Amino acid sequence: MNTFIQPINLQISSDSLNQGEQAIRLELALQLYAQDIFTFAQARHLANLSVWEFQQVLGKYKIERHYNEADLAQDIETINAGF
C-alpha cells in the first residue's frame, strides 16, 4: 500500500509567537481552515472559539467560508455531543 503524505505549509508570525498559545492556536486554525485541511468545527475547536466568534474572525481576515456535507455532519455530531 503506497500512502503519500502531502506536506502542508504553515507559518506562525512572530506576533503570534509573542502573544502566546491562544494566538498561535488561532493562527494555525485559520491556516488549516483556509487550506481546507480542517473543517469549520475542527478549526474553531483548535482556536477555542464559539461558532459566532470564529465566523467573525474569518470575516475579519477575509477567509471565505466553505461548507459541505462533511462539515454539516461534523456540526451535527458536535451538537449531539453537547458542545
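1. Helix α2 holds both E21 and R25, which sit four residues apart, or about one turn of the helix. Please keep in mind throughout that this is a predicted model. The side chains of these two residues, E21 and R25, meet in a salt bridge, with a distance of 3.7 Å from N to O, and a search of the whole structure finds one salt bridge. E21 counts as exposed because its relative accessibility is 57%, whereas R25, at 27%, counts as partly exposed.

2. D75 is buried yet has no salt bridge, and the nearest side chain of opposite charge, that of R65, lies 4.4 Å away. That distance does not qualify because a salt bridge requires the nitrogen and the carboxyl oxygen to be within 4 Å. Once residues up to four places away in sequence are set aside, D75 touches A41, R65 and Y67.

3. The largest nonpolar core is made up of eleven residues, among them A29, L30, Y33, F40, F54 and I63. Two or more of the core residues come from each of α2 (21-34), α3 (40-47) and α4 (51-60). Within this part of the model, L30 is in contact with F54, V57, L58, Y61 and I63, leaving aside its neighbours within four places in sequence. In soluble globular proteins, nonpolar side chains tend to be buried together.

4. The largest pocket contains about 160 Å³ of space. Ten residues line this pocket, and those closest to its centre are F40, R44, V51, D75 and I79. The elements that each give two or more residues to the lining are α3, α4 and α5, with α5 giving the most, at three residues.

5. Finally, is T39 buried or exposed? T39, which is found in the loop between α2 and α3, is buried because its relative accessible area is 16%, and the cut-off for buried is under 20%.

Terms used:
Residues are numbered from 1 along each chain as its sequence is written. This is a predicted model: local features need pLDDT of at least 70, side-chain atom pairs count only at pLDDT 80 or more; totals for chains, interfaces and linings use all residues. Side-chain values use heavy atoms; hydrogens and water are left out. A nonpolar core is a set of buried Ala, Val, Leu, Ile, Met, Phe, Trp, Tyr and Cys residues joined through side-chain atoms within 4.5 Å. Buried means under 20% relative accessible area, exposed over 50%, partly exposed in between (1.4 Å probe, protein chains only). Contact means heavy atoms within 4.5 Å. Lys and Arg count as positive and Asp and Glu as negative; His and the chain ends are not counted. On a 1 Å grid over the protein atoms alone, a cavity is a set of points where a 1.4 Å probe fits but cannot get out, and a pocket is an open set with protein on both sides within 12 Å along at least five of seven lines; lining residues have an atom within 4 Å of a point. Grid points are joined across faces, edges and corners, and a volume is the space filled by probe spheres set on the points.
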